Amino acid sequence: MKSKVKYSQYVTILTAIISGVLFVGCIATVKEEPVFFCLLGLFLILFFCALFYGVAYIKATDDYIIMGSLLKSKKILMRNVESVELFKPTMGAIRIFASGGFMGYWGIFREGDIGRYYGFYGKASDCFLVRMKNGDKYVLGCENPIKMVDYIKSQISK
């Protein structure tokens, strides 16, 4: 089962503003080489991080849960999943090493009630929590979270 990730309005606006400001800043400073290259470097770093880590889709198979971005995917072994449930992260989560809205929410977060987790979602209302047998936690999000949770539950109960 594969489901695309839908971005919230906040994520869409933030991504557009950051990209636009950096792009316009590069054009405006093209004759001031040090500033231009600093802005261009920052723009390229953010762009490539988004290509490798930005949230695009969630796919569940018999053996894996796959978190996909445009150029990279991360697999979680289904046999290592302890439980899965619907979950709504709060906006008060602390970003340890994460994006808080640029091309979605992705990276390592800490939240009071569940502790440290890896987030990979575009909209907080579309999330579910995957708890692993080793204690790791993943907050994932996609367009059909209820169907995805039901599918994963059916796979781990085998």
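This is a predicted model: local features need pLDDT of at least 70, side-chain atom pairs count only at pLDDT 80 or more; totals for chains, interfaces and linings use all residues.
Local features need pLDDT of at least 70, side-chain atom pairs count only at pLDDT 80 or more, and totals for chains, interfaces and linings use all residues. Numbering runs from 1 along each chain as its sequence is written, and side-chain values use heavy atoms, with hydrogens and water left out.

Let's start with the helices. Helices here are DSSP runs (H or I, at least four residues), as are strands (E, at least two), numbered from the N terminus. The expected span of a helix is 1.5 Å times one less than its number of residues.

| Helix | Residues | End-to-end C-alpha distance | Expected span |
|---|---|---|---|
| α3 | 145-156 | 16 Å | 16 Å |

What is buried on α3? Buried means under 20% relative accessible area, exposed over 50%, and partly exposed in between (1.4 Å probe, protein chains only). On α3 the buried residues are Pro145, Met148, Val149, Ile152 and Gln155. They sit on the same side of α3, because they cover an arc of only 125° around the axis; that arc is taken from the directions from the helix axis to the C-beta atoms. An α-helix has 3.6 residues a turn, so residues three or four places apart point the same way. On the other side of α3, Ile146 and Lys147 are exposed. Cover for the buried residues includes β1, β2, β3, β5 and β9.

Over on α2, the buried residues are Phe36, Ala50 and Leu51. These fall within an arc of 100° seen down the axis, so they line one face of the helix. Pro34, Cys38 and Ile45 are exposed on the face turned away from that buried side. What covers the buried residues of α2 includes α1.

Now the cores. A nonpolar core is a set of buried Ala, Val, Leu, Ile, Met, Phe, Trp, Tyr and Cys residues joined through side-chain atoms within 4.5 Å. The largest one has 25 residues, and Ile58, Ile65, Phe128, Val130 and Leu140 have the most contacts inside it. Two or more residues each come from β2, β3, β5, β8, β9, β10 and α3. Another core, of twelve residues, lies apart from it and includes Phe87, Tyr105, Tyr121 and Cys127.

Finally, the loops. Ser8, in the loop between β1 and α1, is buried at a relative accessible area of 15%. Its side chain reaches the backbone nitrogen of Val11 at 3.2 Å. Met103 lies in the loop between β6 and β7, and Met103 has a positive phi of about 60° although it is not a glycine.

Notes
Contact means heavy atoms within 4.5 Å. A polar contact is a pair of N or O atoms within 3.5 Å; within protein, one must be able to donate a hydrogen and the other to accept it, and residues adjacent in sequence count only if both atoms are side-chain atoms.
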